[in-house]
Amino acid sequence: MGTVFGALALLWTSISAQADQPRDWEYRFQEPATGIMEQIKWFEEYTLWFIIPVTTLVLCLIFWVILKYRASANPVPSKTSHNTMIEVIWTTGPVIALVCIAIPSFQLLTAQYSPDDAAVTIKATGYQWYWGYEYQTENQVSFDALMLQEGERAAANKEDIAKYPRLLAVDNEVVVPVGETVRLLVTAADVIHSWAIPAFGVKMDGVPGRLNEAWFKAEREGLYYGQCSELCGKDHAFMPIAVRVVSKENYETWLAAAASDVGGANKALRAAVEGGQATNKVAAAGN
């Protein structure tokens with residue numbers, strides 16, 4: 001039994017460390033990493049309580065009409081043109097359903113556009129075809145994030161495909177602190193792009209000449225992936241987004257080092273984070 005719990009603990013630690021990313025044959029949302037995504041997931045499950053019964057009812061009515069009122073079974077059709085009760089039901093029923101959906105929908109929409117005071121502000125600029133980032137801090141940190149090519153994995157020490165997936169891993173991840181509100185300013189330099197991280201519940205278009213605002217507060221450490229979600233040209237599929245959520249201490253250390261050397265700061269952060277994960281895995285397995 002102890003071995004089973006140890007294996008489960010190891011699995012959970014591994015999942016937490018890796019955070020979330022697309023998986024083969026996935027048909028549900030990724031595991032939420034923010035409160036907003038938790039609400040989005042709840043709202044999707046809530047609306048299914050309306051969608052499934054309504055769809056089932058309409059399908060049954062269609063089959064009932066086909067079978068009962070086909071020409072061979074009903075050679076003399078009814079001349080009835082009105083039924084007050086039916087008209088009242090099919091008018092009030094959808095209205096009640098829409099009100100029940102609208103109230104939590106408006107509450108969720110309000111929450112999505114009502115951020116707390118931001119601890120970090122990052123400007124994300126979409127280019128054809130990569131992302132550029134600027135941290136709005138006293139010592140400004142800026143870098144580009146390009147998709148990691150297969151031949152670059154060894155030099156970047158990112159050969160683990162499970163952690164750094166093909167077509168999603170980048171050379172420089174966005175680094176943010178866990179449990180802090182991050183304000184994201186999104187724009188584009190050429191055509192419309194869209195900055196999206198499914199696990200955060202964030203999708204914001206970057207429009208040339210305009211500055212759009214989004215926010216998120218990641219509640220779990222780890223590495224999260226997204227992609228440009230607006231058709232932006234021939235390499236649209238090759239401008240991924242990677243966000244590494246770390247402790248506040250690790251973030252402050254990284255930010256100070258990145259002001260002068262982004263590449264060196266990223267290597268030091270990765271060594272610190274992955275070293276801590278290895279320690280956790282050993283401890284979990286020992287239990």
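Val 202 is found in strand β7, which spans residues 202–206. The model is predicted. Val 202 has a relative accessible area of 8% and is therefore buried. Leaving aside residues up to four places away in sequence, Val 202 touches Trp 195, Ala 196 and Ile 197, and also Ala 214, Trp 215 and Phe 216. Val 202 and Ile 36 are separated by 166 residues in sequence, yet their C-alpha atoms are 8.6 Å apart in space.

Ile 36 belongs to helix α2 and is one of the residues there that meet helix α3. Two packed helices are described by the angle between their axes and the distance between the axes. The axes of α2 (residues 35–68) and α3 (residues 84–112) come within 11 Å and cross at roughly 170°. That angle makes α2 roughly antiparallel to α3. By class, the contact has 12 nonpolar residues, four polar residues and no charged residues. The residues on each side of the contact are tabulated below.

| Helix | Residues in the α2–α3 contact |
|---|---|
| α2 | Ile 36, Gln 39, Ile 40, Trp 42, Phe 43, Tyr 46, Thr 47, Phe 50 |
| α3 | Ala 97, Cys 100, Ile 101, Pro 104, Ser 105, Leu 108, Ala 111, Gln 112 |

Helix α5 covers residues 248–258, and Tyr 251, Trp 254, Leu 255 and Ala 258 in this helix are buried. Viewed down the axis of α5, the buried residues fall within an arc of 100°, so they line one face of the helix. The face turned away from the buried side of α5 carries Glu 249, Thr 253 and Ala 256, which are exposed.

Methods. Residues numbered from 1 in each chain as written. Predicted model: local features only at pLDDT ≥ 70, side-chain atom pairs only at ≥ 80, totals over all residues. Heavy atoms only, no water. Axes fitted to C-alpha atoms, helices over the stretch in contact; angles between N-to-C directions. Helix = DSSP H or I, 4+ residues; strand = E, 2+ residues; numbered from the N terminus. Parallel < 35°, antiparallel > 145°, perpendicular 65-115°, else oblique. Contact = heavy atoms within 4.5 Å. Nonpolar A, V, L, I, M, F, W, Y, C, P; charged D, E, K, R; others polar. Buried < 20%, exposed > 50% of the residue type's maximum accessible area, 1.4 Å probe, protein only. Arc of directions from axis to C-beta.
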